[in-house]
Amino acid sequence: MAAPTERRRWEREQARLKAGVVEQDTEEWQKDPNFTGLERVGGVDLSYVKGDDTSACASLVVLSYPALQVLYEDCRMVAVTAPYVAGFLAFREVPFLVEAVQRLQQEEPKLRPQVLLVDGNGLLHHRGFGVACHLGVLTDLPCIGVAKNLLQVDGLARDELHREQIRSLQRSGDTFPLTGTSGRVLGMVLRSYNNSSKPLYISVGHRVSLDTAVRLVRSCCRYRVPEPIRQQKGG
């Protein structure tokens, strides 16, 4: 567990960074129906060694767009020392992902991604500031949260109504909004692949609108999981 003083420090830091989140499109390519001008899409992930929550592989992949060919891959084993605290996952994981982006910037600046897909949540979070927001603000890159499971916040629940809504997603591209009890739309549920009824949970990270985030994720899917994230796992 994190000490109370560390938790308070994290809360202050999270609130300070959250003020920097931009929830709308900021790039010209985002406003184009075909994303003309988008050439490089990145994906980041921190995956833990089985049975060991202190050893992980921090990976960054950059793909060409729209062909989705791998241009750059970086995977480093890292020692994760910060404790896991619900709602503060980013303090445990983001420093390693920021380092990966910085390494790319130094080694291959021409391959810097124009947007990052993050295996996790953005605004869909206990305090509206998940890993995708945190990474976006620190790198100043457009970021999109792509989660495989529903984070149950603001009254959202994996209940029968939610399961019924998922069943209503008949084909690839079908969506429904995740509206919390606060009335705020926190993300979108997307059926990303005809052959999988399991959806994705898309949320804004930074410098992107929710509609653009959903369109882009869908355009990066050959299977259920979008290629910039799927390629982390070696396919």
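## Burial and the case of Phe 35

A residue counts as buried when its relative accessible area is under 20%, and as exposed when that value is over 50%. With a relative accessibility of 4%, Phe 35 therefore counts as buried. The model discussed here is a predicted one, and in this model Phe 35 sits in the loop between α1 (4–18) and β1 (40–48). Although Phe 35 is not a glycine, its phi is positive, at about 55°.

## Overall architecture

The protein chain is built from six helices and eight strands, and read from the N terminus on, these elements follow the order α-β-β-β-α-β-α-β-α-β-β-β-α-α. The radius of gyration of the protein chain is 17 Å, close to the 18 Å that the globule rule gives for 235 residues, so the chain is as compact as a globular protein of that length. Along its principal axes, the C-alpha trace spans about 45 × 40 × 35 Å.

Of the 235 residues of the protein chain, 52% count as buried. Among contacts between residues at least 6 apart in sequence, 65% join residues that are at least 24 apart. The protein chain exposes about 11,200 Å², of which carbon and sulfur atoms supply 48%. As for charge, the protein chain has 30 positive and 27 negative side chains, and the centres of these two sets lie 3 Å apart.

In soluble globular proteins, nonpolar side chains tend to be buried together. In this model the largest nonpolar core has 32 residues, and those with the most contacts inside it are Ile 144, Ile 202, Leu 216 and Val 217. At least two residues of this core come from each of β2 (55–64), β4 (115–119), β5 (143–147), β7 (185–190), β8 (200–206) and α5 (210–219), and α5 gives the most to this core, with five residues. Apart from this core lies another one, of 25 residues, among them Leu 46, Val 78, Val 94 and Leu 104.

Helix α5 deserves a separate description. In α5, the residues Leu 210, Thr 212, Ala 213, Val 214, Leu 216 and Val 217 are buried, and the buried residues of this helix pack against β4, β5, β6 (175–179), β7 and β8. For Val 217, once residues up to four places away in sequence are set aside, the residues touched are Leu 117, Ile 144, Val 146, Leu 190, Leu 200, Ile 202 and Pro 226.

Leu 68 is not a glycine, yet has a positive phi of about 60°, and with a relative accessible area of 5% Leu 68 is buried.

## Asn 121 and its surroundings

Asn 121 is placed in the loop between β4 and α3 (131–139), where its relative accessible area of 13% means that Asn 121 is buried. If neighbours within four places in sequence are left aside, Asn 121 is in contact with Gly 130, Val 131, Ala 132, Cys 133, Gly 145, Ala 147, Leu 151 and Ser 203.

Gln 232 lies in the segment after α6 (227–230), and because its relative accessible area is 15%, Gln 232 is buried. Not counting residues up to four places away in sequence, Gln 232 touches Gly 43, Val 44, Asp 45, Ser 59, Leu 60 and Val 61. Gln 232 and Ala 58 are 174 residues apart in sequence, but from C-alpha to C-alpha they are 9.5 Å apart in space.

Gln 106, by contrast, counts as exposed, at 66% relative accessibility, and belongs to helix α2 (residues 89–107). Between Gln 106 and Lys 198 there are 38 Å in space, C-alpha to C-alpha, for two residues that are 92 apart in sequence.

Note on methods: Residues are numbered from 1 along each chain as its sequence is written. This is a predicted model: local features need pLDDT of at least 70, side-chain atom pairs count only at pLDDT 80 or more; totals for chains, interfaces and linings use all residues. Side-chain values use heavy atoms; hydrogens and water are left out. Helices (H or I, at least four residues) and strands (E, at least two) are DSSP runs, numbered from the N terminus. The radius of gyration is taken over C-alpha atoms; the globule rule is 2.2 Å times the number of residues to the power 0.38. Buried means under 20% relative accessible area, exposed over 50%, partly exposed in between (1.4 Å probe, protein chains only). Contact means heavy atoms within 4.5 Å. Accessible areas come from the Shrake-Rupley method with a 1.4 Å probe; for residues, only the protein chains shown count as cover. Lys and Arg count as positive and Asp and Glu as negative; His and the chain ends are not counted. The place of a charge is taken as NZ of Lys, CZ of Arg, CG of Asp or CD of Glu. A nonpolar core is a set of buried Ala, Val, Leu, Ile, Met, Phe, Trp, Tyr and Cys residues joined through side-chain atoms within 4.5 Å.
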